[in-house]
Amino acid sequence: MSASEQKLYLLDYGAGNVRSLLNAVEKLGHRIEYIKTVEDFAQADKIIFPGVGAFGYAMRALKSSGFAEPLKAYIASGRPLMGICVGMQVLFEGSDESPSEPGLGVFEGRVELFDKRLKSVPHMGWNAAQVVHQENALTSAVPEIGEDSRYYFVHSYAVPYTGVGAQRGYVHSATRYVDQAVVSSVWSRNVFATQFHPEKSGAAGLALLQSFIERDLVRPPSSAGELRTPEDIDSALTVRVIACLDVRANDQGDLVVTKGDQYDVRESADMGGDVRNLGKPVDLAKRYYDEGADEIAFLNITSFRNLPFRDTPMLEVLRQASRSIFVPLTIGGGVRDSVDPDGEHVWPAVQVAGEYFRSGADKVSIGSDAVYAAERYWQRKAEGQEPLDGSTAIEQIAERYGRQAVVISVDPRRVYVNTPEDANDHHVIRTAFPGPNGEQYCWYQCTVKGGREGRDTDVRQLVMACEALGAGEILLNCMDKDGTNSGYDIELISDTKAAVSIPVIASSGAGKPEHFAEVVEQTAVEAVLAAGIFHRREVPIAAVKSYMQEQGIPIRSAEDGV
Ligand code: 1PR
């Protein structure tokens with residue numbers, strides 16, 4: 001049967017972004033249908049199972065939809081299945097993430113939480129998948145994993161790679177994340193599954209999907225030979241380079257990418273005072289994908305308060321962008337409980353996030369609401385109450401979609417003080433860049449509403465509370481540095497990095513390639529973000545990456561790009 005005649009199905013249980021997968025399959029010229037009923041399993045020639053979110057949620061959803069047993073029967077029938085991420089994990093016997101929820105048990109073994117002592121968790125970014133059968137002629141396996149390719153991983157739980165026992169029969173590739181080697185793809189007869197996301201892995205991922213869809217699974221005959229040991233699996237995680245697009249309506253009502261100088265997005269009065277217009281959101285995002293961006297962030301900086309949420313233009317921006325961009329997309333702005341202008345339709349933050357995910361986002365970023373949540377967290381703690389009560393957007397989105405889907409966007413500014421005692425109990429640093437009156441100390445004040453209102457909360461308080469509440473990543477801006485091209489605020493970034501064990505994205509102030517290398521070398525951040533220099537074409541993404549590479553910083557190469 002040719003690929004165009006076969007019936008390809010997608011098994012969705014309603015969590016996270018499956019639109020990316022649909023878009024990737026369409027981009028490859030194929031049609032895919034949702035499994036809607038138990039009968040659809042009988043029709044399917046191939047199934048892709050793109051799990052996103054939490055293990056327990058996935059298993060409960062599979063059971064309550066009545067799909068768990070038909071899925072097992074489908075697998076037993078010998079027809080091909082490709083699992084992705086949690087869609088791979090649920091094939092195991094169980095997971096530390098939801099100890100009381102058994103998995104499908106197709107593969108022997110358990111999914112365990114990463115050890116946080118030596119690294120940030122989640123494991124988030126582009127890493128290699130190394131085929132473990134040493135004698136395998138890679139080219140004779142279908143689907144083929146590219147030896148030099150990088151794939152996008154995002155997960156807090158993984159199956160440790162041992163290379164012995166039952167694993168000899170099913171592990172196809174392994175990946176190193178600092179001190180741990182984990183299983184990154186499995187393969188037994190008709191079941192192939194990856195821990196990484198091919199639909200988010202640029203050209204390399206699309207090629208892998210294409211070979212699953214268009215060809216018969218072929219495993220090379222030499223798979224009985226020697227396996228690589230965990231020590232043979234090399235570290236290959238790259239530092240992500242992220243392009244950020246601040247989006248808002250201009251005075252003519254058009255949606256534009258804009259860029260502030262220290263958050264002021266209007267031209268000076270003598271230039272007319274208009275909102276700076278640096279291009280159309282989807283076009284610009286596509287350009288960055290083509291140029292090798294590892295990730296793209298859209299920040300809706302006005303939140304379109306006068307529209308019903310379903311009409312917010314950002315949903316359409318995401319839909320269009322995700323049709324042609326196959327790297328992770330983050331969306332921020334307005335992720336909070338809100339009410340439509342009719343005063344009736346209430347949107348809990350978790351539903352707002354859900355609409356964004358269904359429209360093509362992989363992560364949502366939360367700004368103002370995270371500050372309020374952190375303030376409640378510390379207040380409850382001070383009052384001797386349990387600080388986690390499940391009421392915040394962070395907790396609810398993390399519970400439903402996984403903590404990797406929740407980014408905290410921090411908008412701090414420096415407050416200079418003469419002595420630490422002047423800082424009203426805030427976490428203070430001694431700065432090498434004294435204040436306007438020679439102050440030797442400063443603390444970083446969190447702001448809300450796009451920097452318009454300062455709060456009595458410092459960045460340490462914010463990030464520590466948000467990590468405890470379930471956030472998966474910190475996008476660390478700095479109002480003093482934003483748009484200045486003067487380099488990142490290394491003091492802020494290294495201080496914040498030391499306070500959390502989730503990944504940190506350095507943002508604000510990048511002006512030349514040296515700034516990116518400097519912040520990575522001095523703070524060990526997992527990702528670097530810039531806006532202005534990319535929008536104004538002052539420095540191409542490729543120039544940033546090649547400079548970083550020259551400095552010995554691992555990056556995803558352009559060949560893997562699109
Ligand atoms: O509070 O949850 O609705 O989220 C609002 C979001 O919009 C926040 O993420 C906040 O950072 C963002 N935002 C609000 N107002 C502005 C503004 O500029 N007036 N943009 C704004 C913040 C900052 C960065 C920027 C970097 C790099 N943009 O993301 O891209 O500073 O810039 P550079 O490389 O040019 O220096 P909520």
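User: Which residues is Asn477 in contact with, leaving aside its neighbours within four places in sequence?

Analyst: In this predicted model, Asn477 is in contact with Tyr263, Ser409, Val410, Asp411, Pro412, Leu492, Ser507 and Ser508. Contact here means heavy atoms within 4.5 Å.

User: What makes the pair Asn477 and Ser409 a polar contact?

Analyst: The side chains of Asn477 and Ser409 are 3.3 Å apart at that contact. The cut-off for a pair of N or O atoms is 3.5 Å, so the value of 3.3 Å falls within it.

User: Why is Asn477 called buried?

Analyst: Its relative accessibility is 7%. Buried means under 20%, so Asn477 counts as buried. As for its place, Asn477 is in the loop between β26 (473-476) and α14 (490-497).

User: What does UniProt say about Asn477?

Analyst: The UniProt record, an unreviewed entry, places the feature "binding site" at Gly334 and Asn477. Of these residues, both Gly334 and Asn477 are included in the lining of the largest pocket.

User: And Gly334: is that residue buried or exposed, and how do you know?

Analyst: Gly334 has a relative accessible area of 18%. That value is under the 20% limit, so Gly334 is buried. Gly334 sits in the loop between β17 (329-332) and β18 (338-339).

User: Let's turn to Thr431. Why does Thr431 count as buried?

Analyst: At 5% relative accessibility, Thr431 is under the 20% limit and therefore counts as buried. Its place is in the loop between β23 (429-430) and β24 (441-448).

User: Which side chains make polar contacts with the side chain of Thr431, and what makes them qualify?

Analyst: One of them is Arg414, at 3.1 Å, and another is Glu491, at 2.6 Å. Leaving aside neighbours within four places in sequence, the residues in contact with Thr431 include Arg414 and Glu491, along with Tyr416 and Cys442.

User: What makes β5 and β6 a pair, given how many bridges join them?

Analyst: The strands β5 and β6 (residues 110-113) are joined by 2 bridges. At least two are required, so β5 and β6 pair. They run parallel, with Gly94 standing opposite Arg110 in β6. Both belong to an open sheet of 3 strands in the order β5-β6-β10.

User: Last one: which elements do the buried residues of α15 pack against?

Analyst: They pack against α14, β27 (504-506), β28 (527-530), α16 (532-535) and α17 (541-550). The buried residues of α15 (residues 513-523) include Phe516, Val519 and Val520. After α15 comes Ala524, whose phi is positive, near 60°.

Notes
Residues numbered from 1 in each chain as written. Predicted model: local features only at pLDDT ≥ 70, side-chain atom pairs only at ≥ 80, totals over all residues. Heavy atoms only, no water. UniProt positions renumbered as here; feature names shortened; annotations may be inferred. 1 Å grid on protein atoms, 1.4 Å probe; cavity = no way out; pocket = protein on both sides within 12 Å on 5 of 7 lines; lining within 4 Å. Helix = DSSP H or I, 4+ residues; strand = E, 2+ residues; numbered from the N terminus. Buried < 20%, exposed > 50% of the residue type's maximum accessible area, 1.4 Å probe, protein only. Polar contact = N/O pair within 3.5 Å; in protein donor to acceptor, adjacent residues only side chain to side chain.
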